[in-house]
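The exercises below are meant to be worked with the sequence and the model side by side. Try each task before reading its solution.

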Amino acid sequence: MLTALRRRVLAASAAALALAGGAFLVPGPARADDVRLSQQDVLRTLDVDDAWRLTKGRGVTVAVLDSGVDPDHRDLAGSVVTGRDFTTGANPRGVQPVRLHGTYMASLIAGHGHGPGGADGIVGIAPEARVLSVRVILEDEEPGFRTFNSDARYEAVVAKGIRYAVDHGAEVINLSLSKDMPTKDERTAIRYAISKGVVLVAAAGNEGAGKRTAPYSYPAAIPGVISVAAVTSTLRRASFSNRNSSVMVAAPGVDVLGAGPGDEYWVGRGTSQATALVSGVAALIKSRYPRMSPALVAQALTSSPARKGPYNTGTGFGVVNAYRALSVAATLARHRATASGTGVQNPLRAVRPAANDQDPIVVVRRDTGAILLYGAVALGAFAGSGAGVAVILVLSRRARRREREEDDALPPAPWPTGLPT
């Protein structure tokens, strides 16, 4: 049985690095089946029931770069591997991490519920996926929060976390966090992840209220990263969600229920939640098509929205649909990045002549000096002929003018006489 739904406010908005979504929780007793019932609108919007007929994410590891994940929560137990903590030293010795935001995000990605058949509690988009927890951020209520955001030791934690996740088997990396400016280390780490076939999903940011074009948020705005906006239950852009040209897709981000540490449940809003949901869909794709490149996973996601419309900076290509994304991925998986078959040259091997092609290759070397000389002569001739034509035209005009002047100088002819009147 669920003990309570608690209400708190999580608002990490430090200048250096911030959680990309707040969480707002409602107190009061509730049964576990109330939690699952409260998830139905979000699950229905993403069409996960149809997607689960194909895959539930088995075999995929999703790295959650966040504030830490509670591995003992009943809806995540057995699915979480606790990785490295890159914030060590920020909190005073002996202080335990809160792990609220990270647990919340992990549950939306890979929560498997609990009880008979896992029918109670939170179920994530990829309930059979594994979570690699990498702590790269503190929450604002932790005593070391200010130190973490001001100490140069922690400037590269996100980049280090990305590399760590890649090297420890992650196929998808969830980045429900944001900052104002990217670093060279982050760009390099993202390039490294993509080169290894890892999909990166990040929050577009929550500074969009009242702004026609909100500031860009990083790492979401770095090329190669899937930037996610938040929408309401009516599939309209949430007022807080950043609006800019980096936004690629959208997902529900208002009144989204998730798990918290200590078997709690939280409901909140933000592009963090939307990002976690899209990471879950990406995990489904990678589970079904493990070798699919990040670019093709992004194409499957952007091609999936049920409501087709032109791209816009508020919701990108639209709200992701898990089943349609898997269907598009199935089509993309039949194609190769390079051609194959008879007569196709492997680009990794040197070109060799065919067996019946023994004639030597004739290499024609062109004398560039002669070409320049002949070109100059031709241009000179053309210019000369043009000048000659111009002289002829001038002379002919002068001759006609002289004839007219001579005709005007002659006396007028006498009026004819002897004609009948």
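**Exercise 1.** Which residues of helix H8 (residues 294-302) are buried?

Solution. This is a predicted model, in which local features need pLDDT of at least 70 and side-chain atom pairs count only at pLDDT 80 or more, while totals for chains, interfaces and linings use all residues. Residues are numbered from 1 along each chain as its sequence is written, and side-chain values use heavy atoms, with hydrogens and water left out. Helices (H or I, at least four residues) and strands (E, at least two) are DSSP runs, numbered from the N terminus. Buried means under 20% relative accessible area, exposed means over 50%, and partly exposed lies in between (1.4 Å probe, protein chains only). With these terms, the buried residues of H8 are Pro294, Val297, Ala298, Ala300, Leu301 and Thr302. The next step is to ask what covers them, where contact means heavy atoms within 4.5 Å. The cover includes helices H6 (184-195), H7 (271-288) and H9 (322-332), together with strands E11 (199-203), E12 (226-231) and E13 (247-252).

**Exercise 2.** How many aromatic pairs does the structure hold? Work out the geometry of the pair Phe86 and Tyr164, and then that of Phe148 and Tyr154.

Solution. Rings of Phe, Tyr and Trp (its six-membered ring) pair if their centres lie within 6.5 Å; planes under 30 degrees apart count as stacked, over 60 as edge-to-face and the rest as tilted. By this rule the structure holds three aromatic pairs. In one of them, the ring centres of Phe86 and Tyr164 are 5.9 Å apart and the planes stand at 80°, so this pair is edge-to-face. For Phe148 and Tyr154, the centres are 5.3 Å apart and the planes are at 40°, so the pair is tilted. Phe148 is buried, with a relative accessible area of 4%, and Tyr154 counts as buried at 6%.

**Exercise 3.** How many salt bridges are there? Locate the bridge between Arg58 and Glu128, and find the network that includes Arg135.

Solution. A salt bridge is a side-chain nitrogen of Lys or Arg within 4 Å of a carboxyl oxygen of Asp or Glu, and the count comes to ten. The side chains of Arg58 and Glu128 form one of them, at 3.2 Å from N to O. This bridge links distant parts of the chain, 70 residues apart: Arg58 is in the loop between helix H2 (48-52) and strand E4 (61-66), and Glu128 is in the loop between strand E7 (120-123) and strand E8 (130-135). Arg58 is exposed, with a relative accessible area of 59%, whereas Glu128 is partly exposed, at 33%. Turning to Arg135, its salt bridge with Glu142 has the closest N and O atoms 2.8 Å apart. Arg135 is buried at 6% relative accessible area, and Glu142 counts as buried at 3%. Salt bridges that share partners join Asp85, Arg135 and Glu142 into one network.
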